[in-house]
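Subject: Structure handover

Hi,

Here is the structure we talked about passing on. My notes follow below it.

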Amino acid sequence: MAEDKLPTRTEDFAEWYNQLVLKADLADYAPVRGCMVVKPYGWALWENITSWLDREFKATGHVNAAFPTLIPMSFFEKEKEHVEGFAPELAVVTHGGGEELEEPLAVRPTSETIIGHMYAKWVKSWRDLPILIVQWGSVLRWELRTKLFLRTTEFYWHEGHTAHAGADEAREEMYRILDIYERFCYEEAAIPVIKGTKSETERFAGAQVTTSIEAMMWDKRALQSGTSHYFGQNFAKAFEIQYLDSSNKLQFCETTSWAISSRIIGAMIMVHSDDQGLVLPPRLAPVQVVIVPIFKKDDEKVKVMEVADRVFKELKATGIRIKMDDRENVSSGFKFNDWEMRGIPVRVEIGPKDVEKGSVALARRDRPGKEGKTFVPQAGLDSAVSGLLTEIQASLLKRATEYRDANIHDPKDYEELKKVVQDGWAFSYWCESRECETKVKEEAKATTRNIPFNQPDTEGTCIVCGKPSKRKVYFARAY
RNA sequence: CGGGGCGUGGCGCAGUCCGGCUAGCGCGCUUGCUUUGGGAGCAAGAGGUCGUAGGUUCGAAUCCUAUCGCCCCGACCA
């Protein structure tokens, strides 16, 4: 139950986030350290996310499959960078059936290794390619500091794993997926993102190229919201994924992998939500409209409920996800706050006065309180509501985009860079050397987010060392 | 692992220094009546091996010892 107020975002952003997740009924802490329980409301939101992505993946020729949770430890040894990257966060099963295992089994932190092993078995000929498989499930990483949705020991995601005959085709796959992720963020989550390439140090363990979409949260920190990797032949060589090409030569495959996780829910919270609670984009909201009937006496109840039931049916018939709040043990005021906490985009209030006037009160969640409330006629409500949902969706994206753009800076020199990344992002030329990147990380606590695909035509000089440099990068403090 | 804090009904806490009688308070929960257009009121209830295990004592939430767990701050990550 959402019974009292959240701390404001300005007061304590971290605590605002923690309480919001609990009070909006999205998730709860599990009895296991660092793990969360995704509650039905949170899972419904996740299902809306996954079903959109699943449809897009299938539309681009991908198929779903499932691989085991347990992976032989030895698999991780096969790719040098991969093992170095993941060894510190592996959970390992050492016993089974009361006896110690001959070979310990890792609980998958990601599935490149076991899938690579299987692909090696399945691929013989160029005719077997490409393989375009997506696995939906969860993985486990032994994180030191956890936070609901953003970083938990176990988290939910999809991982796409593809194998191709040529490097160009594999690279195209990586970009194709990143485009789907981008489209998801803009069209569904109403989150503006920047597509780009990760620096060498920020790259996925074992990848040749890692691309990402980066989003700015309300506190101006960056959140990597999706990634897509090109492995070249790294994993193919480690796992011997080979095929005979059309001229009967033995070749290594080119592979990719990519993911969006339940972390995206954290992003939606930190981009859109306000001091009243959760704000959800209408396209993903599990409940888009809630009806709150208001009455005192029994005769009022009969009249109000008659209208409320009719409105409910009319709206439901148009395909809107709608809920009737006919609880009688809580006050209307409580319900208003309760649904605002849960982020329902549109609230329809129907009271005795509305019955008389043939109107309803429409409240939009992106403008909380009385300001967002208008009175509209009951006639034609379905189009008014669907119009409002569309408007809210667009307005959230617009607001987030303006906020982000207003907080991306172009510092004149290194001193200014160190200052602006404390409360925003810097977009600066960078020589792409590890030294300059490390310096910024150590002195400003900001990392390179990505080198965007869209670059200015001009060239410049590295913000850190002053050497000529061709491309600009985003520096930001990140989650 | 290093530093700081905390374990007492579902949640948040008081009580611990200085041992004492039926272990309190707020929120939530249950039941009833009155309420309901921006977080309702009254009344009556239910609910606790005081993290765990030893010890000291006539007597332990309180003192001693051990142990477990959790949270926050520093090095990794979707």
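Is Lys220 buried, partly exposed or exposed? Lys220 is partly exposed, with 18 other C-beta atoms within 10 Å. The cut-offs: a residue is buried if 20 or more other C-beta atoms lie within 10 Å of its own, exposed if 12 or fewer, and partly exposed in between, with C-beta atoms placed from the backbone.

Some ground rules. This is a predicted model, in which local features need pLDDT of at least 70, side-chain atom pairs count only at pLDDT 80 or more, and totals for chains, interfaces and linings use all residues. Residues are numbered from 1 along each chain as its sequence is written, while chains are lettered from A and ligands numbered from 1 in the order in which they are written.

Domains

Chain A splits into domain 1 (13–272), domain 2 (289–391) and domain 3 (410–476). The bounds come from an automatic or database domain assignment. Between the C-alpha centres of domain 1 and domain 2 the distance is 40 Å.

The eight-stranded sheet

Helices (H or I, at least four residues) and strands (E, at least two) are DSSP runs, numbered from the N terminus. Two strands pair if DSSP finds at least two bridges between them. One open sheet has eight strands in the order β3-β7-β8-β14-β11-β10-β9-β23, with mixed pairing. β3 (63–64) and β23 (451–452) are at its edges; each has a single partner strand, so one side of each has no neighbour in the sheet. β3 runs parallel to β7 (residues 131–140), joined by two bridges. Asn64 sits opposite Val134 in β7.

Helix α5 (residues 112–122) lies across β7, β8 (154–164) and β14 (254–261), at about 30 degrees to β8. That angle is between N-to-C directions, on a scale from 0 to 180 degrees, with axes fitted to C-alpha atoms, for helices over the stretch in contact. Contact means C-beta atoms, placed from the backbone, within 7 Å.

Around β17

β15 runs parallel to β17 through five bridges, with Val290 opposite Arg347. β18 runs antiparallel to β17 through four bridges, with Glu349 opposite Ala361.

Helix α10 (residues 332–341) buries Phe336, Asp338, Trp339, Glu340 and Met341. Its buried residues pack against α1 (13–23), β15 (289–293) and β17 (346–350). Gly343 follows α10, with a positive phi near 80 degrees.

RNA strand B

Near means a C-beta atom, placed from the backbone, within 6 Å of the strand. Of the 43 residues around RNA strand B, Arg33, Ser331, Gly333, Asn337 and Gly351 come nearest. α10 gives the largest share of this surface, eight residues.

Backbone points to check

Most residues other than glycine have a negative phi, and most peptide bonds are trans. The peptide bond from Leu129 to Pro130 is cis, with omega near -5 degrees. Pro130 lies in the loop between α5 and β7. Lys220 is not a glycine, yet has a positive phi of about 70 degrees. Lys220 is in the loop between β10 (209–216) and β11. Glu432 also has a positive phi, near 70 degrees. Glu432 is in the loop between β21 (425–429) and α14 (434–444).

Best wishes

Methods
Two residues are in contact if their C-beta atoms, placed from the backbone, lie within 7 Å.
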